[in-house]
Amino acid sequence: MPRTAVSEIHAKVVGRELKQTRLTLGLTQAEVAERLEVSASYISAVEAGRRNLTLGQLANIANAMRLGIDISFVRPDGKPVRLDRT
């Protein structure tokens with residue numbers, strides 16, 4: 001599927017979240033890359049939003065940081081959509 005303006009925005013948001021999470025955990029790009037057996041430049045591109053990630057790739061990155069994935073959706077005005085997860 002081709003990249004659209006909306007998918008580019010989402011790729012940047014996901015990349016920024018990954019970078020902030022990595023930094024919070026005290027991990028370098030090189031450490032995450034080593035765990036994934038990819039280059040640090042790949043992690044850099046992901047964090048910059050230059051890569052379209054599949055759900056599998058996102059799960060692998062989360063796993064490399066010893067994390068799971070929790071997703072949320074927001075309305076166009078930025079308000080979160082809360083789903084009852086009970």
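Tutor: Let us begin with a definition: on a 1 Å grid over the protein atoms alone, a pocket is an open set of points where a 1.4 Å probe fits, with protein on both sides within 12 Å along at least five of seven lines, and lining residues have an atom within 4 Å of a point. This is a predicted model, where local features need pLDDT of at least 70, side-chain atom pairs count only at pLDDT 80 or more, and totals for chains, interfaces and linings use all residues. Residues are numbered from 1 along each chain as its sequence is written, and side-chain values use heavy atoms, with hydrogens and water left out.

Student: What volume does the largest pocket have?
Tutor: The largest pocket has a volume of about 1000 Å³, the volume being the space filled by probe spheres set on the points, which are joined across faces, edges and corners. Of its 28 lining residues, H10, V14, L58, I71 and S72 are the closest to the centre.

Student: And which element gives the largest share of that lining?
Tutor: That is α1, with nine residues; helices here are DSSP runs of H or I with at least four residues, and strands are runs of E with at least two, numbered from the N terminus.

Student: Switching topic, is L55 buried or exposed?
Tutor: L55, which sits in helix α4, counts as exposed because its relative accessibility is 65%, where buried means under 20% relative accessible area, exposed over 50%, and partly exposed in between (1.4 Å probe, protein chains only).

Student: What about F73, buried or exposed?
Tutor: F73, found in strand β1, is exposed too, with a relative accessible area of 54%.
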